[in-house]
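Subject: A structure to look at, with notes

Dear colleague,

Please find below the structure that I promised to pass on to you. Have a look at it first, and then read the notes that follow.

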Amino acid sequence: MNLNYDKELEKIKSEIDVNNPPRLLLQVCCAPCATYCLTRLLTHFDVTLYYCNDNITDSAEWQKRLDQVTKLVDTVNGNNFVVTAIRPLKLVIKEPDATRFFAVAKGKEREKEGGARCKECFVLRLTDSLNYAQENGFDYFGTTLTVSPYKNSQLLNEIGLNLQTNAVKWLMSDFKKQNGYQQSIQLSQQYDLYRQHYCGCCYSLSAAQD
C-alpha cells in the first residue's frame, strides 16, 4: 500500500522541537520548485539548499537556475519571503559534471520522460545528496522534485528511503499535494523568478520541443 507522503511529512514536523530544529539538506533543482517547498519547511527545519544537478547539461542553463536559487535565498534571508525561517537559509553548490549524468543515462537515451533514464538521474542526485549530508552532519536529506506533477513522487520516496541511513533519514514528501505546484507557480511570479520549460538534460529539452 502506498504511503501518503504528504501526511508523513506533517507527522515528522509535528514531532519537531522548533527551538532545536533538525538540519535538513534539501536537494534543489530550481528556484520555482523550491518556493512552495520552503513554505512547508522553513518553520520547522534548519534548511540548507543543495544545488546538485549534473543532469542540467547546458552550462548556461545551469548557471541561470543557480542565479535564481541564490536570489531566492537572499529573499528568504532578507525577511521578504512569505514565511519567516527559524534559521537562516543556506546554499551549497555542487559543481556540475555532466559526464556523470551521461554515464548513468547511457543506453537509455531514447527512454520517454519519466522512465528508466529519469530513475537513474534521481538515484544519482539523491545519492550525492545523502553523501554530502552524511559528511556534514545533517539529520535529514530530501528533495524539491516531488512538487512537480511530472515527477513520480512514489519513486522518489522509494529511492530516498532505500538510501537513508541510521544517521541521516530521508524526509518523505509529496509537495505537489495541497495544490503545491500551482502555489509554486504563483510564488515564482510573486518573486519574479525564471521558470524553465524543461527538466534540465538535453533529452528533456528535446522532448519539450517536440
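This is a predicted model: local features need pLDDT of at least 70, side-chain atom pairs count only at pLDDT 80 or more; totals for chains, interfaces and linings use all residues.

Residues are numbered from 1 along each chain as its sequence is written, and side-chain values use heavy atoms, with hydrogens and water left out.

The sheet

Strand E1 (residues 23-27) and E2 run parallel and are joined by five bridges, where two strands are said to pair if DSSP finds at least two bridges between them. From E1 the chain passes through H2 to E2 in a right-handed β-α-β crossover; right-handed here means that, with the strands pointing away from the viewer, the path from the first strand over the helix to the second runs clockwise. E1 is also joined to strand E4 (residues 140-143) by four bridges, again in the parallel sense, and within that pairing Leu26 has Gly142 as its bridge partner. Four of the five residues of E1 are buried, which by definition means under 20% relative accessible area, while exposed means over 50% and partly exposed lies in between (1.4 Å probe, protein chains only).

Taken together, the strands form an open sheet of five with the order E3-E2-E1-E4-E5 and parallel pairing. Because E3 and strand E5 (169-170) stand at the edges with a single partner strand each, one side of each is left without a neighbour in the sheet.

Two helices in contact

The axes of helix H2 (residues 31-41) and H3 come within 9 Å and cross at roughly 30 degrees, the axes being lines fitted to C-alpha atoms over the stretch in contact, with angles from 0 to 180 degrees between N-to-C directions. H2 is therefore roughly parallel to H3. Ala31, Ala34, Thr35 and Leu38 of H2 meet Gln68, Val69, Leu72 and Val76 of H3, where contact means heavy atoms within 4.5 Å.

Single residues

Glu61, which sits in helix H3, counts as buried at 10% relative accessibility. Apart from neighbours within four places in sequence, Glu61 is in contact with Ile56, Tyr194, Gln196 and Tyr198. Ser188 of helix H7 (residues 180-190) is buried as well, with a relative accessible area of 1%.

Which residue in the loop between H3 and E3 has been picked out? That residue is Asn79, which has a positive phi of about 60 degrees although it is not a glycine, and which counts as exposed at 60% relative accessibility. Most residues other than glycine have a negative phi.

With best wishes

Notes
Angles under 35 degrees count as roughly parallel, over 145 as roughly antiparallel, 65 to 115 as roughly perpendicular and the rest as oblique.
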